[in-house]
Amino acid sequence: MADAIFDSRVEASAARDVTDLILQDILAGALMPGTWLKQVDLERRYNCTRPDVRRALDRLAQKRLVEHVPNRGYHVYEPDGRRAREVSEIRVILETAVAGTIVQNASADDVRALRKLAEHFDEATLNGTMLELYEANLAFHRQLLMLGGNIELVDLVTEIRQRTSSAPVSQWRTRARVEQSGREHHLMIDAIEHRDGTLFAELTRQHILQK
């Protein structure tokens, strides 16, 4: 039983490693948007097994970083600039609309929880993989929206984000942009802590638009 648990952990670790290697190559431009990802080529490229590659591709497909076309395979997601802009605009409308409610609902414990998630993002910036950074960002924003008290809105924003390649991963092409995102998280928390709904709404707008 112990050996089976160990083996499953090793397999999960390998899948995460291959996932992040593929993601890093996508962000670095080594795998360009639209590139078809042949599993045999990825096996050789990353010196891994076919199941490792398949799990990694499935995970990236779930996050809209690659696209699975039935009976054809996987290719690097090709972003649609128009759609990305329109999704960002929709997010601004929805998320700034509940900014005042978030500020009003946030307790001291909520602020501490948000700060912990923001610090987890900061830690991932220094020591984590790109995939871990992506997941830390999603966790922070989901917790933030949960304070609006509308679960349907949380689910709607999550679904809307899936209509484009997962932002802001596609925009995190420099360490400076990642670090700026981390600072913005803390500024947003500061605004909540000081009960400044107007400032929080503006910071949210800027953060979504990556300004």
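Predicted model: local features only at pLDDT ≥ 70, side-chain atom pairs only at ≥ 80, totals over all residues.
Residues are numbered from 1 along each chain as its sequence is written, and side-chain values use heavy atoms, with hydrogens and water left out.

Thr204 belongs to helix α10, residues 197-209; helices (H or I, at least four residues) and strands (E, at least two) are DSSP runs numbered from the N terminus. Its relative accessible area of 4% makes Thr204 buried. Buried means under 20% relative accessible area, exposed over 50% and partly exposed in between, with a 1.4 Å probe and protein chains only.

Next, select Ile22, Leu23, Leu31, Leu37, Leu42 and Leu57. Within the largest nonpolar core, which has 26 residues, they touch the most other members. A nonpolar core is a set of buried Ala, Val, Leu, Ile, Met, Phe, Trp, Tyr and Cys residues joined through side-chain atoms within 4.5 Å. Two or more residues of this core come from each of α1 (2-28), α2 (39-46), α3 (50-62), β3 (73-76), α6 (108-127) and α7 (130-146). Another core, of 22 residues, lies apart from it and includes Val111, Leu145, Leu147 and Leu203.

Now display α6 and α7. Their axes come within 9 Å and cross at roughly 165°; axes are lines fitted to C-alpha atoms, for helices over the stretch in contact, and angles run from 0 to 180 degrees between N-to-C directions. The two helices are therefore roughly antiparallel, a term for angles over 145 degrees. Among the residues that meet here are Leu117, Phe121 and Ala124 in α6 and Leu133, Ala136 and Phe140 in α7.

Move to Asp58 in helix α3, which is partly exposed at 29% relative accessibility. Its side chain makes a polar contact with the side chain of Tyr74 at 2.4 Å. A polar contact is a pair of N or O atoms within 3.5 Å; within protein, one must be able to donate a hydrogen and the other to accept it, and residues adjacent in sequence count only if both atoms are side-chain atoms.

Finish in two loops. Asn47, between α2 and α3, is not a glycine but has a positive phi of about 50°, and Asn47 is exposed at 72%. Arg195, between α9 (175-193) and α10, has a positive phi near 55°.

Conventions. Parallel < 35°, antiparallel > 145°, perpendicular 65-115°, else oblique. Contact = heavy atoms within 4.5 Å.
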